[in-house]
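The tour goes from confidence to a core and then to a single side chain.

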Amino acid sequence: MKRIWLAALAVLTLGTAAHAQDASQIARVQSGQSCPGCNLFQADLSYLDLPGIDVSGSRLRQASLALVTMNGARFDNANLSVANLFGGRFTSASFRGADLSRANLVGAYLHSADLTGANLEGANLSGAELGTTRGLTQSQLNRACGDESTELPAGLHIPRCN
């Protein structure tokens, strides 16, 4: 019985560790190094200047990218759900297939960013600059919300946030 309990404890411990953040990977990104596929859960990247960094396929769930500058960055297929991108600058960044569900993009600057296939369900785009984004569809916007200051490509509209 003791062996079964120890085996179960080991499985639970290993399973939990797989979802915890990886401090060394976070430090790598904070220093400006690319880290595709990294576990950056709840990473604090606020106020940093990280041009051209590649975090494609990374787990950035609940991360803080508030007021960050990540021009030309790659977030393809990354998990940015419930992340805070408030006021961030993402000029020409790629968010192809990224999960931005319930993310805060209030005041984010996404000039020429690629949002092809990005999940925007529940995302707050109030005041965001999306006027020159690529790959943004009405279907994506219907699942998000914004306000009168949200800039969108011609012909698209966004539901108001409550």
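What is the mean pLDDT of the chain, and what share of its residues reach 70 or more? The mean is 91, and 88% of the residues reach 70 or more; pLDDT is the predictor's confidence in each residue, from 0 to 100. This is a predicted model, in which local features need pLDDT of at least 70 and side-chain atom pairs count only at pLDDT 80 or more, while totals for chains, interfaces and linings use all residues. Residues are numbered from 1 along each chain as its sequence is written, and side-chain values use heavy atoms, with hydrogens and water left out.

Colour by confidence and select helix α1 (residues 2-17): confidence in the chain is lowest there, at a mean of 41, and highest in α3, at 98. Helices are DSSP runs of H or I, at least four residues, numbered from the N terminus. Over residues 1-17 the pLDDT is below 50, and this stretch has zero contacts in the model beyond near neighbours in sequence; contact means heavy atoms within 4.5 Å.

Next, select Phe75, Phe90 and Phe95, the residues with the most contacts inside the largest nonpolar core, which has 42 residues. Such a core is a set of buried Ala, Val, Leu, Ile, Met, Phe, Trp, Tyr and Cys residues joined through side-chain atoms within 4.5 Å; buried means under 20% relative accessible area (1.4 Å probe, protein chains only). Leaving aside neighbours within four places in sequence, Phe95 is in contact with residues including Phe75, Leu80, Phe90 and Leu110.

Finally, select Thr150, in the segment after α3 (138-142). Thr150 counts as buried because its relative accessibility is 11%. A polar atom of its side chain lies 2.9 Å from the backbone oxygen of Leu125, and a polar atom of the Thr150 side chain lies 3.3 Å from the backbone nitrogen of Gly127.

Conventions:
Helix = DSSP H or I, 4+ residues; strand = E, 2+ residues; numbered from the N terminus. Buried < 20%, exposed > 50% of the residue type's maximum accessible area, 1.4 Å probe, protein only. Polar contact = N/O pair within 3.5 Å; in protein donor to acceptor, adjacent residues only side chain to side chain.
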